[in-house]
Amino acid sequence: MTALLEVKDLQVRVDDREILHGLTMTVNGGEVHAIMGPNGSGKSTLSHVIAGKPGYEVTGGEILFKGEDLLEMEPDERAAKGVFLAFQYPVEIPGVTTMNFLRTAVNAQRKARGEDEYLVPDFLRKVREVAASLNIPMDMLKRGVNVGFSGGEKKRNEVLQMALFQPSLCILDEMDSGLDIDALRVAADGVNALRSPDRAMVVITHYQRLLNYIVPDVVHVMSQGRVVKSGGKELALELEATGYAQYEEVAA
Amino acid sequence: MAAVQETVDRVRQIDVDQYRYGFETIIESEKAPKGLSEDTVRYISAKKNEPAWMLEWRLEAYRRWLTMEEPKWARVEYPKIDFQDIYYYSAPKPKKTIGSIDEIDPEILETYKKLGIPLREIEALEGVVRPEGERKIAVDAVFDSVSVATTFQKELKQAGVIFMPISEAIREHPELVKQYLGTVVPTSDNFYATLNSAVFSDGSFVYVPPGVRCPMELSTYFRINERNTGQFERTLIIADKGAYVSYLEGCTAPQRDENQLHAAVVELVTLDDAEIKYSTVQNWYPGNSEGKGGIYNFVTKRGDCRGDNSKISWTQVETGSAITWKYPSCILRGDNSRGEFYSIAISNGYQQVDSGTKMIHLGKNTTSRIISKGIAAGKSQNTYRGLVTAHRKATNARNFTACDSLLIGDQCGAHTVPYIEAKNASTLFEHEATTSKISEDVLFYCIQRGLSQEEAVGLVVNGFVKDVLQQLPMEFAVEAQKLISISLEGSVG
């Protein structure tokens with residue numbers, strides 16, 4: 001069986017500085033992987049490179065998504081093929097209602113896949129259904145994308161998009177940042193509802209706390225641009241107790 | 001200057017033979033038709049069969065113009081214009097007769113399609129002649145000048161609305177033209193307005209009688225009537241007491257007009273309780289990717305809220321021209337009168353835009369609102385220049401101004417130059433301005449959700465200009481939205 005995501009010996013530079021020095025990991029459908037590590041270990045770089053953000057130079061290695069060379073694809077193509085990045089800091093887009101944004105995005109993806117665009121009533125029904133399950137009031141969707149949203153609302157909006165787009169790979173970049181416990185629980189419940197055998201998730205976080213709500217199958221510890229240790233969910237608890245210092249020495 | 005010379009050469013190739021012929025038969029002993037002299041003015045006036053008073057009016061403007069100098073205060077740079085190197089009366093060019101849509105330049109056709117203009121309409125705009133006896137569909141009827149004259153003109157006539165080319169109005173309604181022409185933009189107003197007064201070719205005249213609400217948007221008719229108007233348009237719109245009219249100017253089609261210099265004048269007058277809403281979509285040739293060619297657009301547009309409780313509202317979407325120098329203004333003379341200015345000015349490539357408005361508060365309790373959205377991309381420069389002033393006697397004058405600029409890329413410039421004068425203590429003026437850049441992060445966010453780069457820019461920009469787009473009549477707003485996306489194509493990445 002082909003893995004959903006295979007990262008092989010990935011080396012990435014930003015402005016002549018190497019951030020990832022040969023990172024390898026394999027994620028299969030249905031699995032939830034957590035990536036933990038201290039600031040500057042390259043966690044966010046990995047998520048950006050998978051999503052195709054400009055400004056990163058891949059100098060070695062490869063990324064396969066469902067067996068295809070992901071690095072050859074434009075970022076919008078990756079999105080249409082099912083790569084979704086839930087941003088740590090979702091941006092605001094004034095004057096563009098969330099509803100309009102969602103419809104434009106869904107239809108762009110469908111068009112890229114050669115599918116028919118959603119008819120407006122079908123789309124509205126779908127959004128209503130998903131929004132209700134995430135406790136998102138329809139009023140929020142009439143406002144500009146993320147404009148004036150609280151931290152919790154922004155993250156819920158990310159989960160809403162995830163639920164609408166039904167991607168096969170979800171990367172959650174520090175979803176817990178800026179959230180209180182209640183908001184975190186709502187967002188995590190939304191994510192858990194999306195767990196399925198043909199969908200994988202990569203959860204990037206500093207803290208073990210998030211992993212109480214989104215329980216991972218595999219935990220990777222990153223340090224200085226490499227995965228230095230992988231294990232089960234108990235590894236996260238162990239990290240919480242001992243900290244990252246020991247791994248920084250390993251990497252060095 | 002090279003650019004003007006280029007245009008002149010092209011014009012010469014196209015129709016100068018006909019033009020010279022016409023000129024020489026009438027004024028046989030005259031020198032070459034190029035350039036500006038009293039004879040040019042006389043020639044134009046004669047061409048239009050104008051009465052003597054009109055010729056005198058033009059000549060006075062011409063003599064005044066000779067003493068004036070080009071304004072230099074705008075933030076635009078261009079080689080000096082040789083005013084003797086320009087043709088001042090280019091009669092409507094006879095359109096090359098085209099037999100079918102297949103003969104139209106595919107590139108132009110593609111742009112029309114992007115704008116969503118129906119093919120029948122394109123045929124009309126591009127002058128396709130359909131065989132005699134072929135059934136005309138509704139759209140044809142709208143764009144056929146004869147049909148317009150018989151159907152829409154009848155309806156307007158019933159309402160008492162006068163709507164005709166200004167050259168006809170000068171002959172048919174001299175009393176109205178005499179009463180109002182030049183009363184908002186005097187012949188001595190500014191270099192370009194004075195030039196226009198001397199040599200204007202044609203334009204529209206609208207008079208809406210007291211208490212009449214014009215039964216239709218004056219738009220579709222304009223399209224056909226004005227598509228070949230030369231460089232110097234002159235428009236005069238009068239809304240008598242309690243009247244209302246909405247006027248849409250401009251061709252939303254990609255008019256590749258090669259005339260280098262355009263200097264139009266538009267005058268609006270509202271009497272007591274009257275309202276004029278004037279909307280423009282301008283997308284003239286902006287020049288090529290190296291900044292060669294393109295229209296110089298030096299326009300004077302001004303509305304006079306002459307009566308109490310009257311209102312004038314300008315809405316403009318400017319995406320074309322190499323140089324735009326344009327300040328649609330309102331003189332708020334009547335008590336409780338209101339002026340509005342909603343603007344979207346987009347510049348890309350090497351375009352230079354210096355545009356804004358003037359709100360001149362003279363009457364009591366006058367209010368005005370300015371919403372300006374400037375978008376600069378490529379290597380363009382985009383300036384908002386606005387004046388808000390309250391006269392000593394304009395008690396309780398109110399203004400709200402919001403100027404937002406959006407930069408795309410790092411080689412363009414956005415500038416905001418507001419002039420604010422309050423000459424009495426009861427005045428309340430508010431001014432807000434922002435300048436922002438489309439950030440890589442916003443674009444990447446959209447692209448990560450499946451939008452292409454261009455779709456992402458289009459979405460963000462349309463969000464930015466939404467407040468102004470909402471001011472446009474529905475039919476126009478859709479076209480304008482598409483136009484904005486088209487004019488920003490290739491602006492990033």
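This is a predicted model: local features need pLDDT of at least 70, side-chain atom pairs count only at pLDDT 80 or more; totals for chains, interfaces and linings use all residues.
Residues are numbered from 1 along each chain as its sequence is written, chains are lettered from A and ligands numbered from 1 in the order in which they are written, and side-chain values use heavy atoms, with hydrogens and water left out.

Chain A has a secondary structure of 10 helices and 12 strands, where helices (H or I, at least four residues) and strands (E, at least two) are DSSP runs numbered from the N terminus. Its C-alpha atoms fill a box of roughly 55 × 40 × 35 Å when the box is taken along the principal axes. For 252 residues a compact globule would have a radius of gyration near 18 Å, and the 18 Å of chain A agrees with this; the radius is taken over C-alpha atoms, and the globule rule is 2.2 Å times the number of residues to the power 0.38. Of the contacts in chain A between residues at least 6 apart in sequence, 68% join residues at least 24 apart, a contact being heavy atoms within 4.5 Å.

Buried residues account for 53% of the 252 residues in chain A, with buried meaning under 20% relative accessible area, exposed over 50%, and partly exposed in between (1.4 Å probe, protein chains only). Helix α1 of chain A, residues 43–51, has 8 of its 9 residues buried, so this helix is largely enclosed by the rest of the structure. Among the buried residues of α1(A) are A:K43, A:H48 and A:I50, and the helix is followed by A:G52, whose phi is positive, near 95°. Elsewhere in chain A, A:S223 lies in strand β11, residues 218–223, and is buried, with a relative accessible area of 1%. From A:S223 to A:G67 the separation is 156 residues in sequence and 27 Å in space, C-alpha to C-alpha.

Where chain B meets chain A, the contact takes 17 residues from chain B and 30 residues from chain A. The size of an interface is often given as the accessible area lost when the parts come together. Here the area buried between chain B and chain A is about 1900 Å², of which carbon and sulfur atoms give 69%; buried area is the accessible area (1.4 Å probe) that two parts lose on being put together, summed over both. On the side of chain B, B:F444, B:Y445 and B:R449 lose the most area to chain A, together 40% of what that side buries.

The interface of chain B and chain A also holds 2 salt bridges by the rule, which asks for a side-chain nitrogen of Lys or Arg within 4 Å of a carboxyl oxygen of Asp or Glu. B:R449 forms a salt bridge with A:E158, and the closest N and O atoms of this pair are 2.5 Å apart. Helices α13 (440–448) and α14 (453–464) of chain B each supply at least two residues of the side of chain B that touches chain A, and α13(B) gives the most to that side, with 7 residues.

B:R63 forms a salt bridge with B:E56, the closest N and O atoms being 3.7 Å apart; B:R63 is partly exposed at 37% relative accessibility, and B:E56 is partly exposed at 42%. B:E38, B:R42, B:E56 and B:R63 are linked in a network of salt bridges.

A salt bridge also joins the side chains of B:E70 and B:K80, at 3.5 Å from N to O. Both residues lie in the loop between α3 (52–66) and α4 (106–115) of chain B, so the pair ties together parts that are 10 residues apart in sequence. Here B:E70 counts as buried at 9% relative accessibility, whereas B:K80 counts as exposed at 65%.

The side chains of B:R333 and B:D304 meet in a salt bridge at 3.2 Å, N to O. B:R333 lies in the loop between β11 (329–332) and β12 (338–347) of chain B and B:D304 in strand β8 (residues 296–305), so this pair ties together parts that are 29 residues apart in sequence. B:R333 is partly exposed, with a relative accessible area of 39%, while B:D304 counts as buried at 1%.
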